[in-house]
Amino acid sequence: PLDRHFEIKQVRMANYLVGVSHHIDQETRQVMKLDQPCEVIYNGVDSDYFRPVPPATTHKQILFVGNLMWRKGVLDLLHAMPEIYERHPDAELIIAGGAGGQHSQQLTAELETLPSLVRQRVKLIGNVSRSRLPELYNNAAVFVFPSRVEAFGLTCAEAMACGRPVVATSLASGPELVEDGISGLLADPRDPAELASKICTLLEDKELARRLGTGARQRVLDHFNLHDLGSKNLAFYRSLFHEKTA
């Protein structure tokens, strides 16, 4: 497509690149055949705004927040629900995010393939405001980030900042956000059985969930803290300015 041509042409004109993950840096370089220097600066999370607070509910809420399209893994998560329901019939999947046109139709069609009892345990709450997100994250027993394609994964980092145990994708940028067994669990979203197993593990092992939630919060403070990354961005652009004027 013509817009793709101009996008690649403009990127190739840049003297420097900034990537929000090593994954997207490598992927973009390969697809666009780039050789410019690239600085990886992760997206930052406001760890004061997104912080642990006592949950308002003790229900087994499994939470997904993101655009409702196949590459975000929401359909893979739906396919994992029958096995989760078999082990935890009181578990509830909360899906927050918007979908339009083809994505909405695809999601509806996939929901219809689930057994009725499982379908009743899935709640679509649509787009939510930023002001509602901290409560939503803190009420989750498990946050799931099952993307197949992802540059960074901001909602996952926000949930981690709230001290929630997460099951993240083992694909794309997932392993850069989450250290498997330390700040969360990794699972291949293309394997619904593996995804379901990791989610159920966190629902069943409260001590593991607590430990991984603590590790998740610390991971954000150490690597994805907004204040530190803001300073890193400023330092990077100042270095370019000084280089240009030297």
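In which hand does α7 cross α10? The crossing of these helices is left-handed, a term used if the near helix is turned anticlockwise from the far one by less than a right angle, with clockwise giving right-handed. The model is predicted, so local features need pLDDT of at least 70 and side-chain atom pairs count only at pLDDT 80 or more, while totals for chains, interfaces and linings use all residues. Residues are numbered from 1 along each chain as its sequence is written, and side-chain values use heavy atoms, without hydrogens and water.

Two packed helices are described by the angle between their axes and the distance between the axes. For α7 and α10 the angle is about 115 degrees and the axes are 7 Å apart. Here axes are lines fitted to C-alpha atoms, for helices over the stretch in contact, and angles run from 0 to 180 degrees between N-to-C directions. Helices (H or I, at least four residues) and strands (E, at least two) are DSSP runs, numbered from the N terminus. On the α7 side, Ala157, Met160 and Ala161 meet Gly213, Ala216, Arg217, Arg219 and Val220 of α10. By class, the residues of this contact are 5 nonpolar, 1 polar and 2 charged; nonpolar covers Ala, Val, Leu, Ile, Met, Phe, Trp, Tyr, Cys and Pro, charged covers Asp, Glu, Lys and Arg, and the others, Gly among them, are polar.

The largest nonpolar core has 33 residues. Such a core is a set of buried Ala, Val, Leu, Ile, Met, Phe, Trp, Tyr and Cys residues joined through side-chain atoms within 4.5 Å. Buried means under 20% relative accessible area, exposed over 50%, and partly exposed in between (1.4 Å probe, protein chains only). Elements that each supply at least two residues include β3 (61–65), β4 (92–96), α7 (154–161) and α10 (206–223). The largest share, 5 residues, comes from α7. Val178 is among the residues with the most contacts inside the core. Leaving aside neighbours within four places in sequence, Val178 is in contact (heavy atoms within 4.5 Å) with residues including Cys156, Met160 and Val166. Another core, of 32 residues, lies apart from this one and includes Met81, Val118, Ala187 and Leu202.

His88 lies in the loop between α3 (74–87) and β4. His88 counts as buried because its relative accessibility is 6%. The side chains of His88 and Glu204 are joined by a polar contact of 2.8 Å, that is, a pair of N or O atoms within 3.5 Å; within protein, one must be able to donate a hydrogen and the other to accept it, and residues adjacent in sequence count only if both atoms are side-chain atoms.

Asp25 belongs to helix α2 (residues 22–32). With a relative accessible area of 13%, Asp25 is buried. Beyond neighbours within four places in sequence, Asp25 is in contact with Cys38 and Val40.
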